[in-house]
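Please keep the sequence and the structure in view while reading.

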Amino acid sequence: MASHDNNEHQTTKNKRFLQSLHHALDGIRVAFCEESNLRRDAVFTLIVVIAGIIFQVTRFDWVMLILAISLVVISEMWNTVIENIMDFVTKRHYFPHAKKIKDMSAGTVLLAAFFAVVVGLYVFVPRLVALIR
């Protein structure tokens, strides 16, 4: 593993908003590039947005869809953070407590995804039924 010279990397608190924004966007980019689940979520988001446009969903439905999508993506990001922390702390060795933490974190993503499915059904099923009739 390469040695990191602390003089080359920021180790102090961000002092400016743009500096904080840069680091936050780096975090999103890294998570998106490294996590296939986030890329899958992006595909589902695109499908939902296209369906929302095609079915001309109401403003309220857009709010519900955006909240559901956001909840899934935020849960996935936190799950990724927790998994990375556990892998770092355990040096990728198995510890029952670390597994418990990772499993609970993954469970939050599952609950968020279930909520998103319920919202999607609420928004799109009546429109699909009306289309079929």
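The model is predicted.

## Helix α2

Helix α2 runs over residues 36-54. With 19 residues, α2 reaches 27 Å from its first C-alpha to its last, close to the 27 Å expected at 1.5 Å a residue. The buried residues of α2 are Leu38, Asp41, Ala51 and Gly52. They lie on the same side of α2, because the arc they cover around the axis is only 135 degrees. In an α-helix there are 3.6 residues a turn, so residues three or four places apart point the same way.

On the other side of α2, the residues Leu46, Ile53 and Ile54 are exposed. The packing partners of the buried residues of α2 are α1, α3 and α4. Gln56 follows α2 and has a positive phi, near 50 degrees.

## Helix α3

Helix α3 covers residues 59-90. The 32 residues of α3 should span 46 Å at 1.5 Å a residue, and the end C-alpha atoms of α3 are 46 Å apart, which agrees.

Buried positions in α3 include Asp61, Leu65, Ala68, Val72 and Ser75. Further along α3, Glu76, Asn79, Thr80, Met86, Asp87 and Thr90 are buried as well. Both α2 and α4 are among the elements that cover the buried residues of α3.

## The loop between α3 and α4

Most residues other than glycine have a negative phi. Just after α3, Lys91 takes a positive phi of about 55 degrees. Lys91 is placed in the loop between α3 and α4. With a relative accessible area of 65%, Lys91 is exposed.

Arg92 also has a positive phi, of about 60 degrees, although Arg92 is not a glycine. The place of Arg92 is likewise in the loop between α3 and α4. Arg92 counts as exposed, at 68% relative accessibility.

Is Ser105 buried or exposed? Ser105 lies in helix α4, and Ser105 is buried, with a relative accessible area of 5%. The cut-off for a buried residue is under 20% relative accessible area. Leaving aside residues up to four places away in sequence, Ser105 touches Trp78, Asn79 and Ile82. The C-alpha atoms of Ser105 and Thr80 are separated by 8.7 Å, and these two residues are 25 residues apart along the chain.

Ala42 lies in helix α2. Ala42 is partly exposed, with a relative accessible area of 33%. A distance of 33 Å separates the C-alpha atoms of Ala42 and Thr12, which are 30 residues apart along the chain.

## The largest pocket

The largest pocket holds about 360 Å³ of space. Its lining consists of 18 residues, of which Phe44, Val48, Val72, Ala116 and Val117 lie nearest the centre of the pocket.

Which helix supplies the largest share of the lining of the largest pocket? That share comes from α4, with 7 residues. Each of α2, α3 and α4 (96-132) supplies at least two residues of this lining. By class, the lining of the largest pocket has 13 nonpolar, 2 polar and 3 charged residues.

## The second largest pocket

About 160 Å³ of space lies in the second largest pocket. The residues that line the second largest pocket are Gly27, Val30, Ala31, Glu34, Glu35, Met77, Thr80, Val81 and Asn84. Two or more residues of this lining come from each of α1 (17-34) and α3.

The lining of the second largest pocket divides into 4 nonpolar, 3 polar and 2 charged residues.

Note on methods:
Residues numbered from 1 in each chain as written. Predicted model: local features only at pLDDT ≥ 70, side-chain atom pairs only at ≥ 80, totals over all residues. Heavy atoms only, no water. 1 Å grid on protein atoms, 1.4 Å probe; cavity = no way out; pocket = protein on both sides within 12 Å on 5 of 7 lines; lining within 4 Å. Points joined across faces, edges and corners; volume = space filled by probe spheres on them. Helix = DSSP H or I, 4+ residues; strand = E, 2+ residues; numbered from the N terminus. Nonpolar A, V, L, I, M, F, W, Y, C, P; charged D, E, K, R; others polar. Expected span 1.5 Å × (residues − 1). Buried < 20%, exposed > 50% of the residue type's maximum accessible area, 1.4 Å probe, protein only. Arc of directions from axis to C-beta. Contact = heavy atoms within 4.5 Å.
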